[in-house]
Amino acid sequence: MNEVLLKGARIFDGKHFIKENCIVIGNEKILSVNENIPSFKGKIVDFSDYIVSPGFIDLHIHGIFGFDTMDATIESLYGMAKKVIEYGVTSFTPTTLTSLNKNIKASLRSIKEFISQRRDDCAQVLGAHLEGPFINPIKKAAMNPDYIQKPSIENYKNMVGEYGDIVRTMTIAPELAGTSELIEFLQDKKVNISIGHSCAVFEDVEKAVSMGVNRATHLFNAMGRLHHRDPGTVGGTLFFDNIYCEVIADLVHIHHAILKMIVKQKSSDKCILITDSMKATALKDGVYNLGDLKVIVAKGVPRLIDGTLAGSTLTFDKAVKNMVEKVGIPLEDVLKMATSNPASLLGIDKVKGRVKEGYDADIILLNKNLDVCGVFVKGKMIFNYTHLSI
């Protein structure tokens, strides 16, 4: 594409709001970020009323708008990738459920094929997040216990087959026998390991951290509770500084006061916003499914018949707004949790998560109410809510 100058915006570069207010994009990249460019000869667009931020990165999303990762189809992945754009997400990792090997493998197959298509009119799929099946049945939450497996390298290979190269993250319970060998194997494959659906005691978390594990799946949810004489899974993940903690900021999964306490303890550098959204997201209340489990969505909250929370209907822009407006975290810190932090965790922080020269031009525009008004993916504007002229 021809070079375009976006000028006048308040720019969040992935770490801080900066004094520069001009961005030049072209050939899918951010070419420069400057305070002023008086001699620019290409197209100039005035974004003086907007905040420019890197696009949001959702590392834990099952579905949205009737589409689900476990549908295992290109059509569903494309539906997800088109819809999340409206909420500021420019890249994501579709997340599987604990299910039969053939179902997980089919989902991985579709993810790999979708990535190979290199579509330029939707959010980018970065790879897969496997949530289970190597989890503790005591903390299964909305996972079907019939499909939980014992962790082993052999079971993992049988599950992913020839599609292991697109697995970016795996959620496991590190207290289970066989996980140490599996963690070492996955570390060699550059798979990010996340502690979740777990009853791990502090020492289990400590051992996992010593092996390089640096992430916790939806902190506080589906994990061993914090107690003053037994730190448990929650206490362990809060204690070790190098663990990134996913949080679902829908104010249902975690109380607003606890969200603020998490940020205080972990710092904004180690918190990551996720949606954990399921297919009912952006749709009306009703009866849906999560895998082969029945889910009832009432007042926007999805639950199994027994009352167990079954993912969320949270959109990413709402997570950002909740953290700023309801929890009281500064916008700069919240945007970091949505952009550069997930990029760093996934090891893509040299190309995504920043508004910086040389990075992919994945950029979103927010108004003063933090509504998503425009979205660029690799320099192409593919969502333009306010019909901005570009």
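1. The buried residues of helix H6 are Gly-232, Thr-233, Val-234, Gly-235, Gly-236, Thr-237 and Leu-238, where buried means under 20% relative accessible area, exposed means over 50% and partly exposed lies in between, with a 1.4 Å probe and protein chains only. The helix, which spans residues 232–239, is thus mostly covered, with 7 of its 8 residues buried. These buried residues pack against strand E14, helix H5 (202–210), strand E15 (215–216), strand E16 (244–248) and helix H7 (256–266), contact being taken as heavy atoms within 4.5 Å. Helices (H or I, at least four residues) and strands (E, at least two) are DSSP runs, numbered from the N terminus.

2. A word on the basis of this note: the model is predicted, so that local features need pLDDT of at least 70 and side-chain atom pairs count only at pLDDT 80 or more, whereas totals for chains, interfaces and linings use all residues. Residues are numbered from 1 along each chain as its sequence is written, and side-chain values use heavy atoms, with hydrogens and water left out.

3. Strand E14 (residues 192–195), one of the partners of H6, has Asn-192 and Ser-194 pointing one way and Ile-193 and Ile-195 the other way, and all of them are buried. E14 runs parallel to strand E13 (residues 167–172), to which 4 bridges join it, and Thr-171 stands opposite Ser-194. Two strands are said to pair if DSSP finds at least two bridges between them.

4. Helix H1 (residues 74–84) and helix H2 (residues 101–117) have axes that come within 9 Å and cross at roughly 60°. That makes H1 oblique to H2, because angles under 35 degrees count as roughly parallel, over 145 as roughly antiparallel, 65 to 115 as roughly perpendicular and the rest as oblique. The axes are lines fitted to C-alpha atoms, for helices over the stretch in contact, and the angles run from 0 to 180 degrees between N-to-C directions. From H1, Ile-74, Leu-77, Tyr-78 and Ala-81 meet Ser-110, Ile-111, Glu-113, Phe-114 and Gln-117 of H2.

5. Strand E19 (residues 293–298) pairs with E20 over 4 bridges, and Val-295 stands opposite Leu-304 in E20.

6. Ile-296, in strand E19, is partly exposed, with a relative accessible area of 38%, and, not counting residues up to four places away in sequence, Ile-296 touches Gly-286, Val-301, Pro-302 and Arg-303. Gln-124, placed in strand E11 (residues 124–125), is buried, with a relative accessible area of 16%. Leaving aside neighbours within four places in sequence, Gln-124 is in contact with Thr-90, Ser-91, Phe-92, Lys-352, Asp-362, Val-377 and Lys-378.
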